[in-house]
Amino acid sequence: MRMAAKLHPLRLRYADPHLLLVDEIKYNFAFVNHGAAMIHDRIHRARMLRGLSLEALANSLGDISKQALNKFEKGESKPNSTRILQLAKALNVKPEYFFRSDAIQLAPLEFRKLSKMSQARQASVREKMHDHLERYEALERCFDAETTVQVLPTQSLSVANAEEAEIAAQQLREQLEIGHDAIAHLTELLEDNGIKVALLDGPDDFDGACAATHDNQHVLIGLNRHRPGERVRFTAAHELGHWVMALPADMSEKDKEACCHRFAGAFLYPRARVLQDFGNHQRSRVFAAELLNAKRRYGVSMQVALRRLKDLELLSEAGYRNAYFEFNKHGWRTHEPEPLLPERPRRFESLIYRGLAEDLFTPSRAAEFLQCRLDELDPALDHLTLSA
Ligand SMILES: [Zn+2]
């Protein structure tokens, strides 16, 4: 109730969500102190974030040419305060976004299906992840060192082929002390091991990506929130594979992907349990009902369960082909029975509410972290009470 009492007057004061945090004194302070030197980069990044061309942004502002906008982005001219507010509104960011200190340097991203995504869409996803990681890192800095979780070391498992990826997944399970059990909440397991996870509104051809800072102290797995839960889990495990495995530098992209796929399958549905469920000798057919049960128990798609049987040589070639044919016939390759809901990462939000309760930052700052409006921030769950 304490927070609700605090939030209420603010809610009334700032009616326009786009002007939520605008405060002339604060604005001038930030602007004068930081100057245009970093603002130009932030304008460019905000435009990338929204996947807009210079022309599209100029059109939405209406009273500026794309050449003039380009000058802002190059730092050749400096937007005045009115223009900053206009840009914030058009780009759907808070004005503070343009003044955030730009401390995070990212290492290259790993994309699945990289080649299928256009450069502009890749830039947009990259910027979304960059932005999230930046906010996440700033949030963690509000807490003492004990709150920061040690990151699972990168490239600690040497893998030269798919068979070794299977073993690497098993080794990681041992290291994390999770035995052969089903992983009930994969994002929680990742976050407990210092790997940040975010669900993003990505383009249709985006599954997931892994981004890290150059010092490997912060790593984020971004996942497309519009995919079925089982696919999101598989992508998360695939990206985890990219993070923990040391693959030969000269390995082809295709082989690297195959290793990460194998790792993901083995991590989610370990060999010992596949043998337990399907028997330890090769057979010539498998029923869809068996695969569906594996899905229910291990949170993998039926396709992944089937692929496990092939990889572990528990199903003959003909048996695999027949099952694959059945998948096509039923349209299960795109829409499987009993899709799961995507897991929701919790840590980021939990830290925000904890910080609010401990008065480590203001509700305005919390809303900025969450990228929501101040009136959407509801730590006391008042909205829930009202709608119940
Ligand atoms: Zn990959």
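A residue is called buried if 20 or more other C-beta atoms lie within 10 Å of its own, exposed if 12 or fewer do, and partly exposed in between, with C-beta atoms placed from the backbone. Helices (H or I, at least four residues) and strands (E, at least two) are DSSP runs, numbered from the N terminus.

This is a predicted model, in which local features need pLDDT of at least 70 and side-chain atom pairs count only at pLDDT 80 or more, while totals for chains, interfaces and linings use all residues. Residues are numbered from 1 along each chain as its sequence is written.

**Stop 1: confidence.** Colour the chain by pLDDT, the predictor's confidence in each residue, from 0 to 100. The chain average is 85, and 87% of the residues score at least 70. Select helix 1 (residues 2-13), where confidence is lowest at a mean of 33, then helix 7 (residues 162-175), where it is highest at 98. Over residues 1-37 pLDDT stays under 50.

Stop 2: Select residues 208-212, which make up strand 4. Is this strand buried or exposed? Of its 5 residues, 5 are buried, so the strand is largely enclosed by the rest of the structure. Gly-208, Cys-210 and Ala-212 point one way, and Ala-209 and Ala-211 point the other way.

Two strands pair if DSSP finds at least two bridges between them. Gly-222 in strand 5 stands opposite Ala-209. The two strands form a hairpin with 6 residues between them, and Asn-216 in the turn has a positive phi of about 60°.

**Stop 3: Gln-155.** Most residues other than glycine have a negative phi. Gln-155 is not a glycine, yet its phi is positive, about 50°. Find Gln-155 in the loop between helix 6 (119-141) and strand 2 (157-158). Gln-155 counts as partly exposed because it has 13 C-beta neighbours inside 10 Å.

**Stop 4: Asp-359 and its two helices.** Asp-359 lies in the loop between helix 15 (347-357) and helix 16 (363-370). Its phi is also positive, near 55°. Asp-359 is exposed, with 10 other C-beta atoms within 10 Å.

Now show both helices. Their axes, lines fitted to C-alpha atoms over the stretch in contact, are 10 Å apart, and the packing angle is about 175°. Helix 15 and helix 16 are therefore roughly antiparallel, a term for angles over 145 degrees.

Methods:
Two residues are in contact if their C-beta atoms, placed from the backbone, lie within 7 Å. Axes are lines fitted to C-alpha atoms, for helices over the stretch in contact, and angles run from 0 to 180 degrees between N-to-C directions. Angles under 35 degrees count as roughly parallel, over 145 as roughly antiparallel, 65 to 115 as roughly perpendicular and the rest as oblique.
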